[in-house]
Amino acid sequence: MNLALARNDIPSDRMQSTDPIIQVRGVSKTYGDVQALENIDLEFEAGHLTSLLGPSGCGKTTLLKIVAGLLAPTAGDVLVKGKPVEGPGPERAFVFQDFALMPWASVLDNAAFGLKMHGVGKAEREERARHYINEVGLTGFEGKYPHELSGGMRQRVGLARALAVNADVLLMDEPFSAVDEQTRRKFQEDLIRLREVEKKTFLFVTHSIEEAVYVSDRIVLLSPRPGRLSQIIEPQVPKDIDPDDLRRDRVYLDTVEEIWHAIKQYVE
Amino acid sequence: MQWLGETTLFWKILSVVLFATTWEIAGRTGFNFSFPTFLETATAFFEMVADGSMGAAYLRTAEPLLIGLAFSIVVGVSSGIAMGLRQDVEWFSLPLFIVMQAAPMSALIPLVTFVYGIGLTAKVLAVVMLALPVIAMNSYKAVRNVPPSLIAMCSSFMGSRRQQVLQIILPAASPMMFAGLRLGVAEGFSGVVLAELLITPTGIGDLITFHRSVANFAHMYATIVSIVLVAIITVGFLQWVEGKLFRPEKRSSA
C-alpha cells in the first residue's frame, strides 16, 4: 500500500490537539544504517491514554524512549509541556517491559526508588510508596522481594514506582507483555480505573490490537522499516459499560478488525 | 525447615564417614607403601597440632597468603569495576588481565624467584598472580552484565551517574563479584602452596616437603588434607558472609 495514501487517512483535525502535553516534531532515529523512525509528527493530549501500536520493528518502543529522554533522536525534537526534552524529567515516569525491579530490594524499597532518586526523605518516600502499593493492590507485600512475586505482581510494583513520583505522563513500554493472559485482562481493567483516579497522561506501547482498542482514547498506528506514522484511530467504544460487555461490543470488535486490516500488510 | 536442616547435616556427616571408611580400607590393603590409613593420618594430624609444628606452619603460610589476597581483592575488585565502568580503562588494562588469566601462572613462578629472590615478596607475588586475574575478570564481567533496563530505570528517574553506580550497578554486580572472590581465594591457596613448594620450603610447604623427605607419609597426608580443609572452610566462610551481609532477598524466604 502506498504510504502517502496512508498518511492521507489521517484527518487533519485529529492531528490538532487542544491541550497537547507532548509534541513530537519531525523525529527521526537511525541506528547505524538502519532507519528506525522516519519523520514522526505527533501530539499527545493531556489526560488521554494514547497507544502506540504496530508490528515489531515499527519503532514504537524507540519513539517511547525518545519521549522518555532515554534515547536521543537523530533529527527533530520532542516538547513536554512546551519544553524541549534533553533527558529524563520529573514530569515523566517510565514503566518497563521487563519490570526493571531491583532483586535485592523489597517491594517497598523498589516502589520508593524513584522518589529516592528525586531526593525525597526516607519517611516521606516510604509513606508515599505505601500509598501507591495499596493503590495497585499489593498491600501486605511491602516486605517481600521481587523473586517472591508473580510476574503480574512485579509489574504492579513497577507501576507503583512510576505512580509514586507523581509525574504528569506515564510512559509504558509493553507493560503487560510479560504477564499471562488472565493477569493481563485484569491489568487492563485496573489501568482504565487507575486512569480515572489519577488523571494522568498515558503513553502506552503495545503490539496487541485488542489491548490497544480496549484501553486507549487514541491509537497511533506505526508501520515498520522505517517506522512511520501510518494511521491514527480514535476508538468510539462506549466508555461507561462493563468490561465484559465491552469485549463483546460491536464497535470494539469492528475497530479491532479495522486495525488488523491496516496492519496485516506489514506482517510477513 | 528445621527438619530439612537436620537431614542435610545428617547426609553431610554420612558422606564424611563414608569417605573416611573408604580411605581406611584402602590404606589397610597396603596397595602403596606411602599411602597411610585414615586413622594414622588423623593421629599424625593431632600429633602435629600438639607439638605446635602445625600451628607454626600455618602462621608462616598465612603471611604471604593474607598479604597477597588482600592486595588481589583490593586491586582486583577496583580494577574490575573500573574496567566495567570506563571504556578507556578497559581498553588499557583488559588485555593484561586476559593474558594473565589464560597463562599458566604456576609456570611463571620460577621466573619470579629470579627477579624477586626467595623472600616474602616472591611468595606474595605468586599468590597475587593466581588470585588477581580471576577476581578482576569476574568483577569486570559482573559490572558489564548488569541488566541494561535497571540502568535505564535509574536514569529515567533522573538518578545521577554516582547514584547509578552505587545504588544499581554495584549491588546488581555483587553476586558475580563474590563468585569471583571465592574463585580468587581458592586460587590464592594454590599460589601460596606452589610458592612454598617451588620457591623455598616454608610453612605448610615446608611441612609437606620435610615429612615426605623423612618418609613420614601420615604426617605429609595430614598436612595436605589440612590445607585443603582450610581452603574449603575459608571459601565457605566467604559465602556465608556474602549471604549475611549482602543478600537480604535470600534470607527473607527462610
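Chain A of this predicted model contains eleven helices and ten strands, where helices (H or I, at least four residues) and strands (E, at least two) are DSSP runs numbered from the N terminus. The radius of gyration of chain A, taken over C-alpha atoms, is 18 Å, close to the 18 Å that the globule rule (2.2 Å times the number of residues to the power 0.38) gives for 268 residues, so chain A is as compact as a globular protein of that length. Along the principal axes, the C-alpha atoms of chain A fill a box of roughly 55 × 45 × 35 Å. Residues are numbered from 1 along each chain as its sequence is written, and chains are lettered from A and ligands numbered from 1 in the order in which they are written. Local features need pLDDT of at least 70 and side-chain atom pairs count only at pLDDT 80 or more, whereas totals for chains, interfaces and linings use all residues.

The predictor's confidence in each residue is expressed as pLDDT, from 0 to 100; its mean over chain A is 86, and 93% of the residues of chain A reach 70 or more.

Six strands of chain A form an open sheet of mixed pairing in the order E6-E7-E8-E3-E9-E10, two strands being paired if DSSP finds at least two bridges between them. Strand E6 (92–95) and strand E10 (228–233) of chain A stand at the edges with a single partner strand each, so one side of each is left without a neighbour in the sheet. In the parallel sense, E6(A) pairs with strand E7 (residues 169–173) of chain A over four bridges, and Phe94(A) stands opposite Leu171(A) in E7(A). Helix H11 (residues 250–264) of chain A packs on the sheet, where it touches strand E9 (218–223) and E10 of chain A, and its direction makes about 165 degrees with that of E10(A); axes are lines fitted to C-alpha atoms, for helices over the stretch in contact, and angles run from 0 to 180 degrees between N-to-C directions.

The contact between the chains takes 19 residues from chain A and 17 residues from chain B, with two residues in contact if their C-beta atoms, placed from the backbone, lie within 7 Å. Helix H5 (residues 113–117) of chain A gives the most to the side of chain A that touches chain B, with three residues.
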